[in-house]
Amino acid sequence: ALAEAMSAGALSDFGRQRTAAAAAATSAAAKGAQLLVARARLTESSAQRNLGDLAAAETTGRAAAAIFASAGDRAGEADALWVVGTTRFDRGDLPGAKALYDQALAVYREVGDQAGTARVLNSAAVAARQEGDLAGARAQYETVLAICREIADQGGVAASLGNLGTVALQEGHLEGARQQFEESLALRRQLPDQAGLASALANMGVVLRRLGALAEARKHLEESLALRRRSGQKIASAASLCGLGRVVLDLGDLALARGSLAEALTLAREGGSKSVEALALAATGEVAVVSGDLSAARVALEQSLTLRGAIGERLTAAESRLLLANVLLEEGQVSEAMAALRAARAEFVQLGATDLELLTALLEVRALTVQGETVAARAVVQAARVLAERSQSPPARWAMRIARAELDGELAAGRSSARADLALVSRQAQAAGFVGLSWEARLLAAEMAGVAGRQELTAVAREAEAAGFLLLAGKARRAG
């Protein structure tokens, strides 16, 4: 039964793995084979974690650790400590997870277990990345990659490449991230581990969205979601749904975005993952903003920010703060928005998150413009242009051009060229499927045209309203 459980786990059939492992533990207990009980319980714990039953996974893992400890099996105890640590991490207990990782790592190094050392270092790197230590995380991932290559662990190599890609993604090095994700995905397709393949597909979906390739992003995320559903991975399915929800929001399908994110939030809460719950809340807030429901957006984003702060996610907490600042700005609370933007921007600068720093600067430009501080707004735009030149994200660069055109259009001399660039941005964004950005550029260009732009404003309002983008539709109607 234990062999069957291990085989099922390797194939990402976690339901069968859990059932077989529980049967193996019962059989071993009847024979008094305590170490076999511990190994079976540990396998059961891993299955429970993958299935999104984190409370049970921790209880089962701790039971296995106790048996290993009483038997003096140091390597087995380290395995259990690592499994419990990953569960604590998933539940949002970062300090508890790190303490367990440290204990497991000390034992693995003591007994010379290279594979175990790589596993723990990988988990410790994930924790470092969450805390905002991208340089430290990268160094640990590179160490893990070297170990996995040395011991010919192809799954570990694929995971390490994916993790290094995630660091590059957070830093805004999108082409580098895509290259590492592509290498990881190619390896995953050669292996039987369907959960690993789903993770690699999800990574590709996220970077492709940032690169402006929405159709390809959607394809990868849908394939990832299908695999995760098939394997019964509740929390991982929620993460894929969050990525998919954001892609279809960009494409203008609000109904599908809402449905995807509502399911993601339910699954994350059922599984007990605070991190994925916060991710789903942030994306839900984005949907509420474009729908014009600023009150609901504020609630979702405040909850997301609170969760991310509580579990120590510095980068994503700052992202939630950025999204919340946009809501405050739309509500007319400009001073509060500026305070939130400056706090978020300080974090992005320190963490090296270039694209998020750029988007923060562009919201600052809007806030300064509302306050009538045109000179200060132009200074921020000038600084933001440097960030835009470094950015590899077309949507971020389009947002930069919209902000610059808005300021240029305030001067009669710059209005014609500003309108021309907005028309180009609108076409480029529309061609890539970013309907909201396309409408935003059209709206601004039509406003600059004065009386001649009223028909276009009406068209933008009608199209946006039909798609449910009520915030933008309202702006277009008021402008017309």
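Let me begin with a definition: the helices I shall name are DSSP runs of H or I with at least four residues, numbered from the N terminus. Please bear in mind that this is a predicted model.

With that numbering, consider helix α3, which covers residues 34-50. R41 and E44 both lie in it, and because they are 3 residues apart, about one helical turn separates them. Their side chains meet in a salt bridge, with 2.6 Å from N to O. How do the two partners stand in accessibility, buried or partly exposed? R41 has a relative accessibility of 25% and counts as partly exposed, whereas E44, at 9%, counts as buried.

That bridge belongs to a total of 38 salt bridges. Another one joins E286 and R246, at 2.5 Å from N to O. E286 is in helix α15 (residues 274-290) and R246 in helix α13 (residues 234-250), so this pair ties together parts that lie 40 residues apart in sequence. Both E286 and R246 are buried.

The side chains of E330 and R366 also meet in a salt bridge, here at 3.0 Å from N to O. E330 belongs to helix α17 (residues 314-330) and R366 to helix α19, so the pair connects parts 36 residues apart in sequence. R366 is partly exposed, its relative accessible area being 26%. Finally under this heading, a network of salt bridges links E58, R62, R88, R91 and D93.

I turn now to an arginine in another setting. R308 is located in helix α16, residues 294-310, and with a relative accessibility of 2% it counts as buried. What does its side chain reach at 3.1 Å? The side chain of R308 reaches the backbone oxygen of T316. Leaving aside residues up to four places away in sequence, R308 touches A278, L279, A282, E313, T316, A317 and S320. For a further arginine, R119, the charged end sits over the ring of W82, at 5.3 Å from the ring centre.

Next, the aromatic rings. A pair of aromatic rings is described by the distance of the centres and the angle of the planes. The structure holds 2 aromatic pairs. W398 and F434 form an edge-to-face pair, 5.7 Å centre to centre, with 70° between the planes. This pair links distant parts of the chain, 36 residues apart: W398 is in helix α21 (residues 394-408), and F434 is in the loop between α22 (412-432) and α23 (435-448). W398 counts as buried at 9% relative accessibility, and F434 counts as buried at 5%.

The rings of W439 and F469 have centres 5.2 Å apart and planes at 75°, so this pair is edge-to-face. W439 lies in helix α23 and F469 in the loop between α24 (454-467) and α25 (470-479), so the pair ties together parts 30 residues apart in sequence. W439 and F469 are both buried.

Which residues of α20 are buried? They include A377, V380, V381, A384, L387 and A388. The buried residues of α20 pack against α18 (334-351), α19 (354-370) and α21.

Technical notes: Residues are numbered from 1 along each chain as its sequence is written. This is a predicted model: local features need pLDDT of at least 70, side-chain atom pairs count only at pLDDT 80 or more; totals for chains, interfaces and linings use all residues. Side-chain values use heavy atoms; hydrogens and water are left out. Rings of Phe, Tyr and Trp (its six-membered ring) pair if their centres lie within 6.5 Å; planes under 30 degrees apart count as stacked, over 60 as edge-to-face and the rest as tilted. Helices (H or I, at least four residues) and strands (E, at least two) are DSSP runs, numbered from the N terminus. Buried means under 20% relative accessible area, exposed over 50%, partly exposed in between (1.4 Å probe, protein chains only). A charge sits over a ring if NZ of Lys or CZ of Arg is within 6 Å of the ring centre and within 35 degrees of the ring normal. A polar contact is a pair of N or O atoms within 3.5 Å; within protein, one must be able to donate a hydrogen and the other to accept it, and residues adjacent in sequence count only if both atoms are side-chain atoms. Contact means heavy atoms within 4.5 Å. A salt bridge is a side-chain nitrogen of Lys or Arg within 4 Å of a carboxyl oxygen of Asp or Glu.
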